[in-house]
Amino acid sequence: MSFYNDVYQQYAEFDFAGFLGSRTPADVREVLAKEHLQPADYLTLLAPAAAGFLEEMAQKAHTLTLKNFGRVIFLFTPLYLSDFCVNRCAYCSFNAGNKFARTKLTLEQVEEEARAIAATGMRDILILTGESRQHNPVAYIKDCVGILKKHFASVCIEVYPLDEEEYRELVAAGVDGLTMFQEVYDPRVYARYHRGPKSNYHYRLDAPERSCRAGMRTVGVGALLGLAGWRREAFFTGLHAAYLQRKFWDVQVSISLPRLRPSIGGFQPEHPVDDKSFVQILLAHRLFLPRAGITISTRESPAFRDNILPLGVTKMSAGSSTRVGGYAHPDGAAPQFEISDPRSVMEIQQLLLKKGYQPVFEDWQQWDSLEKQLCS
Ligand code: SF4
């Protein structure tokens with residue numbers, strides 16, 4: 001039993017082009033009148049015919065988001081622990097073939113970064129490493145989590161895929177969430193972009209499920225927009241999130257929409273996603289999955305992030321650096337990719353308040369730390 005066997009294979013040979021091209025405005029209107037969407041409805045909202053209904057989709061998406069999440073936006077910051085990587089993903093600066101001075105934080109430097117981030121008020125952190133079991137073993141990640149738990153209510157990971165038992169160890173160490181972008185759901189396209197251990201498509205695809213079984217509280221999935229045709233990729237991303245929601249009812253499932261950004265090596269996406277298409281994906285996700293979180297990162301520009309805020313967004317990164325050690329030393333190591341929104345945590349907070357949203361820094365506290373606070 002897996003997403004690939006249970007769901008993906010049902011659509012692996014589906015005639016996407018034929019279906020998408022056959023959808024009419026009447027089909028879109030019919031979907032918009034429904035309360036619960038099936039996969040075919042969702043695909044209809046990703047079709048060219050739905051591009052003429054973005055306003056109607058936006059109104060419905062806004063209403064559904066208010067109903068399920070209220071006017072709150074959760075804030076988080078990424079923390080890069082190490083840029084050592086053995087893979088050669090064409091689109092990433094950390095690609096093992098790129099020549100630059102690699103860095104890995106010592107535990108003292110992790111503490112220094114944690115203090116710099118915590119000083120902004122941030123309580124939710126996402127830690128990232130390149131894929132190198134030699135440089136970034138699970139034991140190292142665990143040690144870093146031990147330090148970060150002193151400063152943050154929630155520590156999530158976006159690291160290479162692990163075995164279920166390893167996820168269990170990290171959960172026991174205090175990790176409560178996982179983000180795992182599949183990058184590309186189409187296995188043929190996936191094989192073109194990935195060299196090294198990451199070329200194991202199925203091991204990566206099953207990682208969110210392994211992490212849920214290991215006890216993660218939150219899990220996020222996504223496709224890297226730009227690598228393959230967005231309609232098919234968005235469809236499988238949504239089906240993956242729906243599958244996880246169905247199977248792990250107590251796990252908070254979210255979707256991210258990372259668009260490719262400039263990186264070392266000058267990779268140019270074959271399938272760039274423009275702003276209008278990005279909005280269509282966001283709206284279709286919200287309408288298909290009313291209860292799923294939707295994360296928008298600093299890959300997007302300030303003006304664009306401000307505009308799409310009411311369309312279904314529930315979580316944003318803020319004050320981000322994609323450099324190892326970039327909070328205490330902003331001009332140090334090479335960034336994984338260039339960010340688009342350089343605003344500080346304070347600026348994002350002010351923006352949210354101005355737009356009538358409540359910025360939330362902490363939506364979760366582990367019982368042991370809550371107990372300590374209550375009894376102190
Ligand atoms: S995307 Fe991840 S695995 Fe690929 S080169 Fe970058 S850090 Fe390594």
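Here are some questions and answers about rings, pockets and cavities in this predicted model.

Residues are numbered from 1 along each chain as its sequence is written, and side-chain values use heavy atoms, with hydrogens and water left out. In this predicted model, local features need pLDDT of at least 70 and side-chain atom pairs count only at pLDDT 80 or more, while totals for chains, interfaces and linings use all residues.

Reader: How many aromatic pairs does the structure hold?
Author: Rings of Phe, Tyr and Trp (its six-membered ring) pair if their centres lie within 6.5 Å; planes under 30 degrees apart are stacked, over 60 edge-to-face, and the rest tilted. With that rule, the count of aromatic pairs is 21.

Reader: Why does the pair of Tyr-91 and Tyr-193 count as edge-to-face?
Author: The two ring centres are 6.4 Å apart. The pair counts as edge-to-face because the planes of Tyr-91 and Tyr-193 stand at 65 degrees.

Reader: How many residues apart are Tyr-91 and Tyr-193?
Author: Helices (H or I, at least four residues) and strands (E, at least two) are DSSP runs, numbered from the N terminus. Tyr-91 is in the loop between β1 (72-82) and α6 (107-118), and Tyr-193 is in helix α9 (residues 187-193). This pair links distant parts of the chain, and the separation is 102 residues.

Reader: Which parts does the pair of Tyr-91 and Phe-267 tie together?
Author: Tyr-91 and Phe-267 are also edge-to-face, at 6.3 Å centre to centre and 70 degrees between the planes. Phe-267 lies 176 residues from Tyr-91 in sequence, so the pair ties together the loop between β1 and α6 and the loop between β6 (252-256) and α13 (275-288).

Reader: Are Tyr-91 and Phe-267 buried or exposed?
Author: Buried means under 20% relative accessible area, exposed over 50%, and partly exposed in between (1.4 Å probe, protein chains only). Going by those cut-offs, both Tyr-91 and Phe-267 are buried.

Reader: The charged end of which residue sits over the ring of Phe-337?
Author: A charge sits over a ring if NZ of Lys or CZ of Arg is within 6 Å of the ring centre and within 35 degrees of the ring normal. Lys-104 does this with Tyr-140, 4.2 Å from the ring centre. For Phe-337, at 3.9 Å from the centre, the residue is Arg-299.

Reader: Which element gives the most to the lining of the second largest pocket?
Author: On a 1 Å grid over the protein atoms alone, a cavity is a set of points where a 1.4 Å probe fits but cannot get out; a pocket is an open set with protein on both sides within 12 Å along at least five of seven lines, and lining residues have an atom within 4 Å of a point. The second largest pocket is lined by 24 residues, with His-36, Leu-37, Phe-288, Leu-289 and Pro-290 nearest its centre. α1 (3-11), α5 (54-69), α12 (230-247) and α13 each supply at least two residues. The top contributor, with 5 residues, is α12.

Reader: Which element gives the most to the lining of the largest cavity?
Author: The lining of the largest cavity includes Ala-223, Glu-233 and His-285. Both α12 and α13 give two or more residues to that lining. With 3 residues, the biggest share comes from α12.
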